[in-house]
Amino acid sequence: MLKMESIHKRFNGAEVLKNVDLKVKKGEAVALIGPSGSGKTTLIRVINGFVLPDNGRVVVRGKEIDYRKKDELRQMRKRIGMIYQLFNLVDRTSAIDNVVSGALGRMDRGFELISSTIGLFSTEVRERAMELLNFVGIEDKAFERVDRLSGGQKQRVAIARALMQEPEILLADEPIANLDPRTSQKIMELLTKINRERGITIITVLHHLESVRDHFHRVVALKDGEICFDGRTDCLTREHISSIYEFAGEYECAAA
Amino acid sequence: MRSSVSLSHYKRVMGQGTKVRRFLLWFLLIIILALSFKASQIDIRTFIDGMPHALSLIKEMFPPDFARWKRIITLTAETISVGFWGTLLGILVSVPLGIFSAKNTSPNAVIYNTSKELVNLLRAVPDIIYALIFVTAIGIGPVAGVIALMLATVGLLGKFYAEAVETIDPKPVEAIEAAGSHKLSVIRHAVVPQVFPLFMGYNLYALDHNIRAAMALGLVGAGGLGIELFTQMRSFNYQKVSAILIVMLIIIIAIDRVSAYLRKGIIEGTLFSANKFRDYVLMAIVAAMAFISIYFIPVDLKEIVYGLPRIWEFLSNMFPPERSDIPRYIWLMLETIAIGICGTFFAIVISIPLGMLAARNVTHSPVISNAAREIANFLRGIPDLVFALVFVAAVGLGPFAGVLALALHTAGFLGKFYAEAIENIDPKPVEAVEATGARFLQKIIHAVFPQALPLFNSYNLYILDRNIRASTVLGVVGAGGIGFELIMSMRIFEHQRTATLIIIILITITAVDRISAYLRKKVV
Ligand SMILES: Nc1ncnc2c1ncn2[C@@H]1O[C@H](COP(=O)(O)OP(=O)(O)OP(=O)(O)O)[C@@H](O)[C@H]1O
Ligand SMILES: [Mg+2]
């Protein structure tokens, strides 16, 4: 489904990603962990083309992405949904308007392009948005302005927007970092459900290791721009975690 | 089954409230716009038929003829002097008036209310109307322009000053008051240091604005380059016209650069930060400018002293205002408002693409955004009356020329405002929509516009207010509206008619100002 080969990325001379190789199969759920600044966000953004890698290949569904070709990039983005830590909804518009905007990428030809651009969506599209809001559990807030929703509700709207794309891959960058534990748990359950029931491949950046254990069978850990662990969650030992987050080093310092 | 339930829910909710209200609002807007179009005699046919004529006019402008360069230089200096003197005298009057009309420094409620209302009244009258009045009362020449700009400046600065004083930190004031100091010394030691940088910023803004305005004052005989422009335009010497326009353009660009530079100094705190050496240097420059200004407009005390009784005579001749033609004047006023509305409409139409091109986060190309910014600066820099004069020559006398003039001049403002509003939006939702694979325009309309729209609307209302005020004087150069009636009544010394017209204009401007302020509060 997704293959990344020897990805390199520098920002102002600093190597943020060094030789990253990653293969993700269809229907997998992958948690991406690693200390702050290790390059997780950068890696995620390489996948949907908001960061251009300096080196390496990204292959989505057997097709290598040519980042210079705008339309190819766009076609690829249509297949990849993304949810964010800060939800990134368009404030001042309603939940359903936000969800419907997930369909914009699909409506990129002819009459559909014109009508969707000016904000006219067919009954099917609106019905579908309603169904998705129902699926994520906030159908009753459909016509509420999103800036009046709670964090958890906003993230549900954002998930519905991503699902509106009918994506094959769903990327998430710390989707629960701004939510309370109970809400976090529910959002993670929702993501797992999406992965299991709809067979959507999911790659999530997470800091909450308990959630990783509860919801993912595969973990990829980044450290200083390199993958230092890639395997089943139950193989991730305390020692691994200590070395990823350098707890050991800190303990030593504390002892000294 | 579930989907049909959802859909009926969707329809039920969207069928009520917001959607109906929005529909009614649009309906109302379209009707107002259609009526305004009709009243301003906007006609695509006239426009297309006029195109060849306008093109040949532009052709006739080349090559520019600088034969009267000496006169142009003198008048340029005079323009700057009028702007400078108007600003300086305005500042002198505004300082006490501003302090009196600020709640926290005004001696008592009577003085507070009187000075506040005086400032409001002064602000309501367009500077061209002041110029017309003083040209009629004391004769053609720069002195009328200076007085006109002075009064307009007091209307502007008096309000700005008062607002600045009202937002000061009360703690230092209390401290000095507690020491038992006299009121004046409190103001000197606790108020002035706090508001000084703000005041200076406003003063610079006023100077910038007044020098531009002084270019148009000559159109009614109140000194400066405008007189020459008007004369050459009326005698169809288009090559000389273009020479003057070029000089005006150079002045505008120079002012723009200098004031941008000085504003930067204020923002970075390198100017007017405290009583520093740099400020004395600036004062020296100002003094030099004052000296030059005295040289070009020798402030003739005699002239002002002789002028005063004439102003009094003029004012007393205005009473009682002539009442017979009021219904006709009200119709004319409606036509004038229509010009303002149409001008704003076209300004918006021009500014949406202009503002988007100028916004750095939309184009991602410094060349395009800088070019768009320069176009906006240029449009903003040329006074609307100068545009109007040119358009009258191009498309003929009448409201249409006025509409075009307002549209172009204020597209300069709106283009800049829109660009700033777009640059200040949150980029995160825009990226999220782009990540769904949306195309450029889809992204703009679904993620950028919803964020910027409230600000856009607020700016639009502000410009509408400004344009309706400006449309009252367009008639002075034959570009439609009530201004023509005003200037004619003055030419033939029907002062009582003049009074009626001014009263109608003032009522309209004040009402529009209130409505626009109310609506602006609602949209943001
Ligand atoms: N657009 C950019 N320009 C310059 N440097 C950048 C840019 N984006 C990221 N970086 C740098 O790259 C490094 C990795 O950043 P990245 O956001 O990928 O880390 P992260 O693993 O997501 O961290 P966190 O857990 O804090 O979100 C950081 O040092 C960051 O400063
Ligand atoms: Mg990150």
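Modeller: We start with one rule: a polar contact is a pair of N or O atoms within 3.5 Å. Bear in mind that this is a predicted model.

Colleague: Why is the approach of Gly39(A) to ligand 1 called a polar contact?

Modeller: A polar backbone atom of Gly39(A) is 3.0 Å from an oxygen atom of ligand 1. The cut-off is 3.5 Å, so the pair qualifies.

Colleague: Which residues come nearest to ligand 1?

Modeller: There are 13 residues around ligand 1. Ser36(A), Gly37(A), Lys40(A), Thr41(A) and Thr42(A) come nearest.

Colleague: Now chain A. Why is Arg74(A) with Asp108(A) called a salt bridge?

Modeller: Their side chains meet at 3.0 Å, N to O. The rule asks for a Lys or Arg nitrogen within 4 Å of an Asp or Glu carboxyl oxygen, so the pair passes. In general, side chains of opposite charge can pair when their charged atoms come close.

Colleague: Where do the two residues sit in the domain assignment of chain A?

Modeller: Domain 1 covers 1-79 + 172-256, and domain 2 covers 92-166. By those bounds Arg74(A) belongs to domain 1 and Asp108(A) to domain 2. The count between these domains is 2 salt bridges. The rule also finds 6 residue pairs in polar contact across that interface.

Colleague: Which helices of chain A build the domain 1 side?

Modeller: Helix H2 (70-79) and helix H7 (181-198) each give two or more residues. H7(A) has the largest share, with 9 residues. By class, that side has 7 nonpolar, 2 polar and 8 charged residues.

Colleague: How do you know how much area the two domains of chain A bury?

Modeller: Interface size is often given as the accessible area lost when the parts come together. Here the value is about 1300 Å², with 58% from carbon and sulfur atoms. Lys78(A), Leu190(A) and Arg198(A) supply 38% of what domain 1 of chain A buries there, more than any other three residues.

Colleague: Chain B next. What do its two domains bury, and what charge pairing is counted between them?

Modeller: Chain B is divided into domain 1 (68-317) and domain 2 (320-524). The contact takes 28 residues from each of them. They bury about 2500 Å² between them, 76% of it on carbon and sulfur atoms. The count of salt bridges is 0, and 1 residue pair is in polar contact.

Colleague: Which elements supply the domain 1 side in chain B?

Modeller: Six helices supply at least two residues each: H5 (109-124), H6 (127-138), H9 (183-217), H10 (225-234), H11 (238-267) and H13 (301-317). H11(B) gives the most, with 7 residues. The residues of that side divide into 21 nonpolar, 2 polar and 5 charged.

Colleague: Which helices of chain B touch chain A?

Modeller: Helix H1 (2-15), helix H19 (427-435) and helix H20 (440-471) of chain B each supply at least two residues. The chain B side has 14 nonpolar, 8 polar and 5 charged residues. In all, 27 residues of chain B are in contact with 39 of chain A. The two chains bury about 2900 Å² between them, 63% on carbon and sulfur atoms.

Colleague: Last one. Why does the pair Glu131(A) and Arg128(A) count as a salt bridge?

Modeller: The side chains meet at 3.4 Å, N to O, within the 4 Å limit, so the pair counts. Both residues lie in helix H5 (residues 123-136) of chain A, 3 residues apart, about one turn of the helix. Over all chains the rule gives 37 salt bridges.

Key:
Residues are numbered from 1 along each chain as its sequence is written. Chains are lettered from A and ligands numbered from 1 in the order in which they are written. This is a predicted model: local features need pLDDT of at least 70, side-chain atom pairs count only at pLDDT 80 or more; totals for chains, interfaces and linings use all residues. Side-chain values use heavy atoms; hydrogens and water are left out. Domain bounds come from an automatic or database domain assignment. Contact means heavy atoms within 4.5 Å. Buried area is the accessible area (1.4 Å probe) that two parts lose on being put together, summed over both. A polar contact is a pair of N or O atoms within 3.5 Å; within protein, one must be able to donate a hydrogen and the other to accept it, and residues adjacent in sequence count only if both atoms are side-chain atoms. Helices (H or I, at least four residues) and strands (E, at least two) are DSSP runs, numbered from the N terminus. Ala, Val, Leu, Ile, Met, Phe, Trp, Tyr, Cys and Pro count as nonpolar, Asp, Glu, Lys and Arg as charged, and the others, Gly among them, as polar. A residue is near a molecule or strand if one of its heavy atoms lies within 4 Å of it.
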